[in-house]
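This briefing covers selected local features of one protein chain. The sequence and structure come first, followed by notes grouped by topic.

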Amino acid sequence: MRTTRERHPAHPLATVRNLGILAHVDAGKTTVTERILYATGTTHRRGEVHDGTTVTDFDPQERDRGITIFAAAVSCAWDGHRINLIDTPGHVDFADEVERSLRVLDGAVAVFDAVAGVEPQSESVWRQADRHGVPRIAFVNKMDRAGADLDAAVASIRARLHPAPLVTQLPIGAEDGFTGVVDLPRMRALLWADGDAVTEGPVPDGLLAEAARRRRLLEEAVAELHPEALEEYCTTGTLSARTLTTALRDLTHDGDGVVVLCGSAYRNRGIEPLLDAVVAYLPSPLDVPPVRGTRDGDGDGDGDGGGDGDGMEQERPADPAAPLAALAFKVHATPTGRLTYLRVYSGTIEKGDTVWDAGARRTERIGRILRVQADRHVPLERAVAGDIVAVVGLKSARTGSTLCAPDAPIVLEPPGVAEPVVSVAVEARRATDTGRLAAALARLVEEDPSLGVRADPETGQTVLAGMGELHLEVAVERIRREQGLEIKAGRPQVSYRETVGRGISGHVFRHVKQDGGAGQFAHVVLDVEPLDGGTGFEFRSTVVGGRVPQEYLRAVEAGCRDALTEGPLGGHPVTGLRVTLTDGATHVKDSSEAAFRTAGRLGLREALRACAMVLLEPVVEVTVTVPEDAVGGVLGDLAARRGRVRGSITRAGAVVVTATVPLAEVFGYATALRGRTRGRGVFTVRPVGYAAAPVTVA
C-alpha cells in the first residue's frame, strides 16, 4: 500500500529540480522555456522564436529554421528552489537528443497544443519518458488560439497516452478571451491582465458551480488512486488542499497520474502556476532511486582491469559526501574549448580534481566547472550530487562516459543510441580539404552519436548516416558554417535490412583447414527460421550428448552474429531470424573456438543464400494536416508514394490524414505538399519500424 512519501525540507537537494521540456514540434515548448526564464528573473526581456531572440535556441540554424535542434540547458530559481531545465527538440529527426536528456532528468513538463492535443511526436517523447520512468506533468498550451479546447486535449491524452489525467485548473475565458485559470485545489482565481503580473482573487460567480463540480471530479479521481486520500474522502466527503497536493505529488512520482495545467505561454499566462506545480509535484534528486551501476575494477589507473568485486552491481545515493559518480550526456565543441555536460549523481566534483573515466579507462583532470545558461556560462568552484553542469578540460570523455572517483570506480549505464536510417554521400569540393572534412565529420559524430560515418566499400565515398533528411541537412550545414568547407552531398539513401521469409532445416557445414601445424576442424548443422516480431536475432542449441562442447556453442553463436552484418540480397544487415544448432562434431586436436566461430559465420552465410530472403525498408507514420478542398490530391499523392492511409479526422476546418509510407518515398515531400495545398498543408513523420519492400528473392 502506498504511504505518503517522506519529505526532506532541511536537505539542500530537496530544493533542486532537474527537468526537461518535451513536446511535438511547434507546440510552444521553447516559448514555455523562455517565459519560465522571464518569470524567474533569469532574463529581463521575453525571447521570441519568430524574432530569433530566444535564449535556448541560440544556434544560427535554430534561429533560421525556427525549431529546436540541440538540447539546451539553463538554470533558474523559483520559490527558493533551483531549477535545472533542458529544452529538448520536438522534431522526430532529433529524438536522440531527447533520449540523452531523459537519461539524466528527474522529471519533465510535457507541452501540448490546446487545438491539436496529442500529436505524433508528443506521443513518441511520452513513450521515451515512460521507458526512463521520468515523472511528468502536462501543460496544455495555446489556450488563446481559435479552437482551443482543454477538455478535448485532455481526452486525447487519456486516449492516446493512457495515463490518468488529473486536471487541476479550469480556464477563465476561451480563445482570445482567455485571461486566467481557476486553481482547483485551492479554489482561487489567477488572472493575467495586459501586463505580466498575476493577480489572485476569488472564483468568479459565473464559474463557481463549474469549478466546484470539477474539483469534486478531481477529488474522486485522486481518491481512487491514493489510499490515504481515499480514507480522508470517505471520512469527510472531501479532500483538503494539503491532502490533495500531497496525493498529486505521490501519484506523479509513481506515474499513476499526470497533473494537467493550462495556459498561453506566448501571452505569458499560466507560467507562474506551472512553476509552482514543478516545485510541488516533480521529484528532487532525493526522491528518485539511487543510480545503479557496475563496479569497474581498475580505478587506480594501472590498466590491469582487475579488482575485487569487478562487475558487481552497486548503488550510489544522491549524497554530496558519497564517492563521485557522474554521467556525460552531451559533448559540445565551442570556439573556446570542448564542453562536456555532466549529471552528477553522487559525490562532489571540484575544479582541479582528478577523476577516473571508466569508458576510456584513464584519469582526467577537471579544468573548469560551469553553470550553463544555454550559450552563456557561469564559473563554479564545485558541483554536488543533483547538479547538471558543464566541465572543461576532459580530453577523452564521450557521450555516455562515466566519471567517478579513482578509488571508487563505477560504470553507469550510458544513454541508448538510435540506429541511423538515412545516409548521404559527402565529399569536399577541393581535394585539399579532404583531411579537414574527415576531422569535421569525426567531431560531429563525437558530439552526436546518432550520426555515423563510414566508407562505402564499392565506391570509396564517405557516407554520413543519420536519423532523417533534416538531421543530415543540419549536419552538413554545420560543417559548411563552422569549418568554412565547401562540400557536396548526394541524394539521401535509406538503410535497408534483410530478413528470412522462408527458412531451411538441417543445413550442414564443415570447416576444415590444414596448412601445416595445428589445423582447424568444425562441423555444424543449422536450422534457420523467421523470428516472431520480425526483428532481432535468437540463437539456441538442441545438441545432445556433448557432441559440441559448451565453449564451442558460444563460438558458433558469435560466428552467426558476425554473419548478420551482410545479407545475400544486397549486403544489408540481417534481422528477424532464429538459428538453431541441431548437431555437430569435433576433432580431438584440430577443433577450437576460432574454428567453430568461423564455421558459424560461413555456415550461416551459406544457409541464408539457400533461404527465401525478404528485403525490408524503413517505414514512417506520416500525419498530414490539409484544408478540406485539398484532401483528394493529397490522398492521391500518398497512394503514389506507396502509402497506406490509416485514418482521417476533421479538426477546426482542416483534415488530418494519417498514413504509413516508406521512408524513401518521403524525401522531397515537403515541396510536393506545398504545391498541392498552395502552402497551406503541413506534415510530420514518426518512425514505426521496417516493412517488406516490393522485392522478394528466393
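**Local features of the model**

Asp 79 is exposed, with a relative accessible area of 59% (exposed means over 50%, buried under 20% and partly exposed in between, with a 1.4 Å probe and protein chains only). The model is predicted: local features need pLDDT of at least 70, side-chain atom pairs count only at pLDDT 80 or more, and totals for chains, interfaces and linings use all residues. Residues are numbered from 1 along each chain as its sequence is written, and side-chain values use heavy atoms, with hydrogens and water left out.

**Positive phi in loops**

- Asp 79 sits in the loop between strand 2 (72–78) and strand 3 (81–87); helices (H or I, at least four residues) and strands (E, at least two) are DSSP runs, numbered from the N terminus.
- The phi of Asp 79 is near 55 degrees, a positive value in a residue other than glycine.
- Lys 142, in the loop between strand 5 (136–141) and helix 5, also has a positive phi, near 65 degrees.
- Most residues other than glycine have a negative phi.

**Buried residues**

- Gln 121 is found in helix 4 (residues 120–132) and is buried, at 3% relative accessible area.
- Beyond its neighbours within four places in sequence, Gln 121 is in contact (heavy atoms within 4.5 Å) with Ala 23, His 24, Gly 90, His 91, Val 92 and Ala 95.
- Leu 282 lies in the loop between helix 9 (271–281) and strand 12 (291–295) and counts as buried at 1% relative accessibility.
- The C-alpha atoms of Leu 282 and Asn 18 are separated by 8.9 Å, although the two are 264 residues apart along the chain.
- Not counting residues up to four places away in sequence, Leu 282 touches residues including Arg 17, Leu 19, Val 109, Ile 137 and His 253.

**Helix 6**

- The buried residues of helix 6 are Ala 211, Arg 214, Arg 215, Leu 218, Glu 219, Val 222 and Ala 223.
- Among the elements covering these buried residues are helix 5 (150–161), helix 7 (227–236) and helix 8 (241–254).

**Helices 12 and 13**

- The axes of helix 12 (residues 550–563) and helix 13 (residues 593–610) come within 7 Å and cross at roughly 40 degrees; axes are lines fitted to C-alpha atoms, for helices over the stretch in contact, and angles run from 0 to 180 degrees between N-to-C directions.
- Residues of helix 12 including Tyr 552, Val 556 and Cys 560 meet residues of helix 13, among them Phe 596, Gly 600 and Leu 604.
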